[in-house]
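Good morning, and thank you for coming. I shall present one structure today, and I would ask you to keep it in view as I speak.

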Amino acid sequence: MTKKLVILGAGIGGLSVLKELAESKVPLDDPDITMVDEDFSHFLGFTLPWVMLGWRDQASVAITPGSNALAGVRRVQSAVHGIDPTSRTVTLVNGTDVAFDALVIATGARNAIDNIPSLRGTVDNGAAVHFYSADAAAQAHQALRAFTGGRLVVLVTSQPYRCPVAPYEGALLAADLLRDNWVARRHRNRHLHARKASDAFGGPPRGT
Ligand SMILES: Cc1cc2nc3c(=O)[nH]c(=O)nc-3n(C[C@H](O)[C@H](O)[C@H](O)COP(=O)(O)OP(=O)(O)OC[C@H]3O[C@@H](n4cnc5c(N)ncnc54)[C@H](O)[C@@H]3O)c2cc1C
């Protein structure tokens, strides 16, 4: 009997499952594969700092799996509401149930700005930015371009967060952008101080 494989999430994780299955030497016994995602348009994480820096615009980093990548796969565009491991069903937000024999949960991580006290308000009023989504990275670029002086603080939250290296990469790139701004504006504004990138996230060693 055909086995039902349901994959939740069409990001790097979910698509990697399809690739591994396609390349696998294991006989798959004609699986019936369904992939569920609330938004099949996604991005590769490492392109977000490029958007923040202005090397790429937001629209150009969107990726959508094409018909080749999803050949033979039933595609369901919907948010997942719940999973019942006993009845082996996934419930979608519209109440539809999707049955499975095997389930891959590859729904990734979400930005949780509200978990850091006061950060939501600071982001909403434009005083803080982040680059952990494509639209946020585009806003961060505008904010950095408009930054005329003062201190830029890079907040690295406690774990877990996606891509531990990204805040440091972002700090270095932001320092570069500010330095370029400063060079362009130095005859108009002598107060902008582009600090060394290492100061932006770590500061000098505090010896014992
Ligand atoms: C700024 C930044 C820089 C990064 N740089 C790098 C790098 O240089 N190198 C590197 O290897 N990695 C990098 N990463 C990490 C990389 O992007 C993630 O590790 C990778 O995207 C994780 O893949 P995933 O498939 O697990 O999750 P995701 O890519 O987040 O995909 C999850 C999918 O599940 C869907 N989904 C979630 N919840 C639901 C739901 N309830 N219902 C339906 N669908 C749902 C989402 O729409 C999404 O399409 C970076 C990440 C960021 C944010």
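The model before you is predicted. Let me begin with the ligand: by class, the shell around the ligand consists of 12 nonpolar, eight polar and four charged residues. Which of the 24 residues around the ligand come nearest? They are Gly9, Gly11, Gly13, Gly45 and Gly108. The largest share, three residues, comes from H1.

Which residues of H4 are buried? They are Ala134, Ala137, Ala138, Ala140, His141 and Leu144. Seen down the axis of H4, these buried residues fall within an arc of 155°, so they line one face of the helix. On the face of H4 turned away from the buried side, we find the exposed residues Asp135 and Ala146.

Finally, the sheet. Three strands, in the order S6-S7-S8, form an open sheet with antiparallel pairing. Strands S6 (80-84) and S8 (97-99) stand at the edges, and each has a single partner strand, so one side of each is left without a neighbour in the sheet. From one strand to the next, the twist averages 25°. S6 pairs with strand S7 (residues 89-92) over four bridges, and Ile83 stands opposite Val90 in S7.

Conventions
Residues are numbered from 1 along each chain as its sequence is written. This is a predicted model: local features need pLDDT of at least 70, side-chain atom pairs count only at pLDDT 80 or more; totals for chains, interfaces and linings use all residues. Two strands pair if DSSP finds at least two bridges between them. Helices (H or I, at least four residues) and strands (E, at least two) are DSSP runs, numbered from the N terminus. Axes are lines fitted to C-alpha atoms, for helices over the stretch in contact, and angles run from 0 to 180 degrees between N-to-C directions. A residue is buried if 20 or more other C-beta atoms lie within 10 Å of its own, exposed if 12 or fewer, and partly exposed in between; C-beta atoms are placed from the backbone. The arc is that of the directions from the helix axis to the C-beta atoms. A residue is near a molecule or strand if its C-beta atom, placed from the backbone, lies within 6 Å of it. Ala, Val, Leu, Ile, Met, Phe, Trp, Tyr, Cys and Pro count as nonpolar, Asp, Glu, Lys and Arg as charged, and the others, Gly among them, as polar.
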